[in-house]
Amino acid sequence: KNRIGPGGAKLIAKALTVNKVLRTLDLANNNIQDEGAEAIAKALKINGALTILNLKGAWLKSEGIDALMDGIRDNNKTRLTSLTIDRTPFGVLGQIDIDRELLRNQQNRKLRGEAEVEAEVEAEAKAEAEAEAEPEA
């Protein structure tokens, strides 16, 4: 437990919006609450690299979980295949919904072709790097 809290989760989320290599993020037993989950969710709309996200014991309620699900749904380039959440107001049925959404992501990636998704993510990262390297006018 690192005692990251909602503020720390916001900083991590900001980093996730530009990070293209991190595959696993373990925030288990950190009290990030809904506020932190909502920030992570916004990053999930952009981040296509993360495959495993552990939020076990993160003190999430329905607002935070809903935001995370929206973040996953809104990113058609996501690689997220594992999202661990416990002690939620959704209980077992909520975890089933989460698992269904992650399975849908895996199936979409297979339908589109892993190589196609990888090429899109790499092209996007290259374009961003080039944009950052250009001097401001």
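**Close-up views of the predicted model**

View 1. At 39% relative accessibility, N29 counts as partly exposed. Here buried means under 20% relative accessible area, exposed means over 50%, and partly exposed lies in between, with a 1.4 Å probe and protein chains only. The structure is a predicted model, in which local features need pLDDT of at least 70 and side-chain atom pairs count only at pLDDT 80 or more, while totals for chains, interfaces and linings use all residues. Residues are numbered from 1 along each chain as its sequence is written, and side-chain values use heavy atoms, with hydrogens and water left out. N29 sits in the loop between β1 and α2. W59 counts as exposed, at 56% relative accessibility.

**View 2. The chain, with five helices and three strands.** Read from the N terminus, the order of elements is α-β-α-β-α-β-α-α. Helices (H or I, at least four residues) and strands (E, at least two) are DSSP runs, numbered from the N terminus. The chain has 137 residues, and 37% of them count as buried. A contact means heavy atoms within 4.5 Å. Among contacts between residues at least 6 apart in sequence, 82% join residues at least 24 apart.

**View 3. An open sheet of three strands.** The strand order is β1-β2-β3, and the pairing is parallel. Two strands pair if DSSP finds at least two bridges between them. β1 and β3 (82–84) stand at the edges with a single partner strand each, so one side of each lacks a neighbour in the sheet. With direction ignored, neighbouring strands are turned by 0 degrees against each other on average. The axes behind that angle are lines fitted to C-alpha atoms, for helices over the stretch in contact, and angles run from 0 to 180 degrees between N-to-C directions. β2 and β3 run parallel and are joined by three bridges. I52 stands opposite S82 in β3.

**View 4. Helix α2 and its surroundings.** The helix covers residues 33–44. At 1.5 Å a residue, its twelve residues should span 16 Å, and the end C-alpha atoms are 16 Å apart, which agrees. The expected span is 1.5 Å times one less than the number of residues. The buried residues of α2 are D34, G36, A37, A39, I40, A41, A43 and L44. They pack against α1 (5–16), β1 (24–26), β2 (52–54) and α3 (62–73).

**View 5. The largest nonpolar core, with 26 residues.** A nonpolar core is a set of buried Ala, Val, Leu, Ile, Met, Phe, Trp, Tyr and Cys residues joined through side-chain atoms within 4.5 Å. I40, L53, L55, L60 and L68 touch the most other members. Helices α1, α2 and α3 each supply at least two residues of this core. The largest share, six residues, comes from α2. L53 touches L25, I40, L44, L80, S82, L83 and T84, leaving aside residues up to four places away in sequence.

**View 6. Salt bridges K10–E35 and K45–D74.** A salt bridge is a side-chain nitrogen of Lys or Arg within 4 Å of a carboxyl oxygen of Asp or Glu. By this rule there are three salt bridges. The side chains of K10 and E35 meet at 2.6 Å, N to O. This pair links distant parts of the chain: K10 in helix α1 and E35 in helix α2, 25 residues apart. K10 is partly exposed at 39% relative accessible area, as is E35 at 40%. In the K45–D74 bridge, the closest N and O atoms are 3.4 Å apart. This pair too links distant parts: K45 in the loop between α2 and β2, D74 in the loop between α3 and β3, 29 residues apart. K45 is partly exposed at 39% relative accessibility. D74 is partly exposed at 49%.

**View 7. The R73–D70 salt bridge within helix α3.** The closest N and O atoms of this pair are 3.1 Å apart. R73 and D70 are three residues apart in the helix, which means a separation of about one helical turn. An α-helix has 3.6 residues a turn, so residues three or four places apart point the same way. R73 is partly exposed, with a relative accessible area of 41%. D70 is partly exposed at 37% relative accessibility.
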